Amino acid sequence: MNLHSPDVQVTDSSLALAYLKEGNARFVADEPMARNTNKADLALTKDAQKPFAAILTCADSRTTPEIIFDQKIGDLFVLRNAGNVADQSVLGSLEFGVKHLGVAVVVVMGHTKCGAVYTSHSGADGLSENLQAVLDGIRPNIAGTETEEDGTIANIKHQVEVLKANPEIGAVPVVGCNYDIATGEVTWL
């Protein structure tokens, strides 16, 4: 069980990953940690944050890392956008998370039935300028994949490589995982 306190900086990436894996196991088993510490956690985090992991995930409303990994306020530094894309805003935010907040691990979490990947995989065109830009940014990452789910995995792996190539972000382990929206299980890549 995660005994991490939001006022203690976790610097061991193996421990940070263990917290995420244990938390997902609790979520899948529907046995979350006690949530009677919100006021205490708010008091501990009111002046500073010490997240142990950064998570880049999709904006999909079903992909809430704090719940999926059964963590508390202050534990995760979360970035979300359609298709979990490591764009400039995400890169800058993750650089901040690693360098200034001390996150021990960075995770790219995709998910099954990702609308951004599925729509990009279908070759959709003619959408709004901004949405088309998102899909066009994903399309090269999934080129040659046979199914939408293969595309999802390819996109996760691509985003992991983008983050690893950044010298500030790549200073800590960067790992990918895929969240199954039907079962709640996270599969580590």
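I started at Val-106, which touches Ala-54, Leu-94, Val-98, Leu-163, Ile-169, Val-172, Pro-173, Val-174 and Val-175, leaving out residues up to four places away in sequence. Contact here means heavy atoms within 4.5 Å.

Housekeeping: this is a predicted model, where local features need pLDDT of at least 70, side-chain atom pairs count only at pLDDT 80 or more, and totals for chains, interfaces and linings use all residues. Residues are numbered from 1 along each chain as its sequence is written, and side-chain values use heavy atoms, with hydrogens and water left out.

Next I looked up the cores. A nonpolar core is a set of buried (under 20% relative accessible area, 1.4 Å probe, protein chains only) Ala, Val, Leu, Ile, Met, Phe, Trp, Tyr and Cys residues joined through side-chain atoms within 4.5 Å. The largest has 19 residues, and Leu-56, Leu-94, Val-106, Leu-163 and Ile-169 touch the most other members. H4 gives the most to this core, with 4 residues. Apart from it I found another core of 18 residues, including Leu-20, Phe-52, Ile-55 and Leu-76.

Then the sheet. Its 5 strands are open, in the order E2-E1-E3-E4-E5, with mixed pairing. E2 (76-80) and E5 (186-188) are at the edges with a single partner strand each, so one side of each has no neighbour in the sheet. For the terms, helices (H or I, at least four residues) and strands (E, at least two) are DSSP runs, numbered from the N terminus, and two strands pair if DSSP finds at least two bridges between them.

Last, I checked E1 (residues 53-57) against E3 (residues 105-111): they pair in the parallel sense over 5 bridges. Thr-57 has Met-109 as its bridge partner in E3.

Methods
Buried means under 20% relative accessible area, exposed over 50%, partly exposed in between (1.4 Å probe, protein chains only).
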